Amino acid sequence: MLAIISPIMRIIEIPMLALQRLLGIHKLAWVFLLPNLLLFGIFAFLPVILNVFYATTGGDNVLLMDRPQVGLRNFATLTDCGNYLDPNSCREDKFWRAVWNTTWFVTLQVGFMVGFSLLTAIILNREIKARGFFRSVFFFPVLLSPVVVALIWKWILQREGVLNAVLDWSGIGGVNWLVSADWAFGWSVFLSVWANMGFYTLILLAGLQAIPRDVYAAATMDGASAWRTFRKITLPLLSPTMLVVLVLAMIRGVQTFDEVYAFTGGGPGTATTFMIQYIYEEGFAGAPRLFGLAAAASLLLAGILVLLTLVQLWVNRRNVDG
Amino acid sequence: MAKVWDFLTATRGKNGKLHWTDWVSYGYLFLGIFLMFGPVVWLVISSFKTEADLQRFPPTLLPYAQETVMVDGYDAPLPLFVMTGGEYEGQTLAQLRRVGSQAQMIDPANPDERLRVDIANREPVEKLSLATENYTSLFERFNFLQFFWNSTFITVTATAIMLLVNSMAAFALSKYEFRGRNFVLLLVIGTLMIPQTVVLVPLFLIVTQLGMFNSLWGVIIPGAATPTGVFLLRQYMITIPDEILDAARMDKASEWKIFWRIIVPLSAPAIAVLAILAIMWRWNDFLWPLIILTQSENFTLQLALNSFQGELQTDWTSLLAMTVLTLLPIACVFAFLQRYIATGIASTGGK
Amino acid sequence: MADVTLTNIEKSYGAAHVIKGVDLDIKHGEFCVFVGPSGCGKSTLLRMISGLEPISGGDLKIDEEVVNDVAAADRGLAMVFQSYALYPHMTVRQNLSFGLENLNTPKAEITQKVDEVAKMLQIDQLLARRPKDLSGGQRQRVAIGRAVVREPRVFLFDEPLSNLDAELRVDMRGEISRLHRRLGNTMIYVTHDQVEAMTMADKIAVLRDGLVEQYGTPLELYNTPGNIFVAGFIGSPKMNFLKGKVQGGALALATGETLALPTVGFNITEGAEVTMGVRPNALQPGSNGVHARVTGVEILGGESYIYATTDNDLALTVHSPGQTSVEIGNDITLAIDTNDVHLFDTGTTKSLRT
């Protein structure tokens, strides 16, 4: 490995040395930054600007100059609703279904996720042997790819799958899980909690372990009960980490796509279609490709995410200062 | 055994007695093992089942296959049955063919005499067996190696580029004083707010215009620089004392040499963490490849898996085997490096 | 030859003026020590000479050549850092070789030079180890070795002994001096410890607030300090200062006492405000001099220190040979050796020596 890299680095050194002579040491920093900034510029900042142009043009042409200006019509299409709570009254009913699906999904998923992660972290933080092993047990699914996660559970939940076999055997009787809208939605929530909770458990566990043991010793000396110690010491001291986890889970929850798309394909019907899938299908999978509508939808999504990220940065900063 | 006992009695209760909360805790943890590992184990076991075995309901726990026997005069091996009733009760017979509710059987010891039996009176003779042909057929029936190569190429190249580009930027941001440094840091934070998912359309245009549509490079390049990587590495590089850089400068090392002979080796722990994260992200990447790679010869494993689950609805044998092979590299990474991954995730706090 | 000449060297960070015009002439082969309290700019000055810190104004010459804009690496200097700054991921041998590799020295020559230097500094047993497996003293030697192996024109030392314990510091002091005698190179050494300066230097530059207060040999500085600051900084324990007014050829103190003034060597004007500096060993308990009350006594066996305060609460230190019989609370009279005093203008703090 080093035998390949070393000569390459030596070759790069020649122009870098010339630049160093030319610019001096401190301006050379820009040369080190250049590749990274170029990539950020072309693949992050430029798209943000172009996104605005896409959102205000129509047609199915991908080249911007071939696209007719339509002003805010895409946004008007998206927001043309009789009653925002009822997707059927909306012109772009699929978008609103996706919005409400996403909202419900994030609410449920974040709730269960934080709850189970916290429970798991607290149990892992007890005086337990093989903590490292158990921690990795819960963390393991985080590494699995979304498609693999989806297939694993599809296999378990299929009509003649192992879960139905167990239910049949116990006399409850099987269900055709993924054909029922409610069950498919519920299992989507379950699946994403299953796949991601290890990640949040890890962060919460780190937060718990950062609480000094002395504080607990002091509480014990003060005669506090276990429950009181938890309520009055653990929870308040953990709340900054909790907040980070909460916001992070929301940011990622809003962007859920991969595992659910591979799991249900958004169905049955549109029961598990979320915002990213809507953007994907309008812009890339459908015909005609409605880039304008997709861009407008992603701008709305971006608004939500920027808001959440700002909250996250604020929370992080507050934690650092505190 | 002593270890197990120690483990079970590692308690909060004094006098070596388990407090009820300990019981609950261990109960929860063992349930966790079952819920977290169980599905994966079930997947792996199932992937070794034959087609026939997979269609059995209720399923058996372990993969079984019907025993067969070679009989003189027949080219193919014949399936074996044990008779549970009728006139041949107790005998083990090989089946030639089945006609309605009747089957033509022979006794392997006496192959010339054909026997007719009611199928209700026989039961297959089975043994544990791993249907490895599920795996071998993947290589014959599909372009599996091509998908595997595509995934590997993307993962390795993207990780390498990312490590180089991000560590260069982190070096500049941690070890140089220059005008505009805070502005650049702000830009990096800014990119943190622009996940790929919200700029899919314009990103698609840019990548297409750069001629990278349907090319592996179209997946590699757009994500080659990550704000997370810059922050993670910068945080680490700040802790390297400036005097070491000064010493190297006095030793006539160029700035580039300082970067790759001093800074990079000294940041190895952070770079390793980032490398593992990058490998994980890239190997599991789905949405962007789904948009950029539309021809099946360019598919990554994830895309192939997803498209086959559409095409092969019922062909679970191939699908399960392919799923196992897709999760295998990550499982290996996990087995060897899980400690680093855990620290890495904890130190980046997400993203 | 490697003379180092500083002409009106300045350094400013934005509005902050850190070095305010320094002139120094360091001759080839000299061991020059920059000494001064922390924040005086001595380390900055050293880093400017090294090239690690850009020079804001003035000329820096090495061998008659202005090197202001020459990069650190090309000035032909080597530096030993306060924290040693060894490369933690390299073995001792790699640490020593790194600079030579950058100069494209042939491999065989590198090996030979490294072995030679390692032997000289007695680190040849440690060549395969990494810095974390070395003791403080060993790291120090490696850091010095890394400088020596480059055969620089000038060695720069930035408080190299401040991280060592007291005993080791004394050893290393001797060792660096021996190294200087053996190599004969110009060395510039920064420290805040005047004992290091006195024991090692050929020339000392005392710095304060970005200016050189005095530049000369250790004994010049000790015997004829140019101003009150240098007088107080050089010498341990510190010089005692007595303020007064010249009246009738004698120094009248605020307490009403008068002290005799030396008759030759100083420029004394009647009525001038003058500060008299008396080193602790020029002050002895006697019958005739300054009245003081003893507040502390340290008897070390071979010598004793007496701490006393005058009638107007001025602290005095007395260094007397042998074992004193003075006790705390005693009233004593301290006699001053008039031939061994220093006189300064109280206003300008400058020496009144002619």
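In which hand, left or right, does H9(B) cross H12(B)? Keep that in mind for a moment. First, a caveat: this is a predicted model.

Let's start with the helices, then. H9 of chain B covers residues 227-237, and H12 of chain B covers residues 268-284. Their axes come within 9 Å. They cross at roughly 165°. An angle over 145 degrees counts as roughly antiparallel, so H9(B) is roughly antiparallel to H12(B). And the hand? H9(B) passes H12(B) in a right-handed crossing.

Now the residues. H9(B) brings B:Gly229, B:Leu232, B:Leu233 and B:Tyr236. H12(B) answers with B:Ala270, B:Ile271, B:Val273 and B:Leu274. By class, that contact has seven nonpolar residues, one polar and no charged.

Next, the contact between chains B and C. Chain B puts in 14 residues, and chain C puts in 17. On the chain B side, H10 (242-250) and H11 (255-266) each supply at least two residues. H10(B) gives the most, with six.

Last stop, strands in chain C. Take S14, residues 273-278. What does S14(C) pair with? One partner is S11(C), residues 240-247, joined by six bridges and running antiparallel. Within that pairing, C:Asn240 has C:Val278 as its bridge partner. Another is S20(C), residues 341-345, with five bridges, again antiparallel. There, C:Val274 stands opposite C:Asp345.

That's the tour. Questions, please.

Key: Residues numbered from 1 in each chain as written. Chains lettered and ligands numbered in written order. Predicted model: local features only at pLDDT ≥ 70, side-chain atom pairs only at ≥ 80, totals over all residues. Contact = placed C-beta atoms within 7 Å. Helix = DSSP H or I, 4+ residues; strand = E, 2+ residues; numbered from the N terminus. Pairing = 2+ DSSP bridges. Axes fitted to C-alpha atoms, helices over the stretch in contact; angles between N-to-C directions. Parallel < 35°, antiparallel > 145°, perpendicular 65-115°, else oblique. Left-handed = near helix turned anticlockwise from the far one by under 90°. Nonpolar A, V, L, I, M, F, W, Y, C, P; charged D, E, K, R; others polar.
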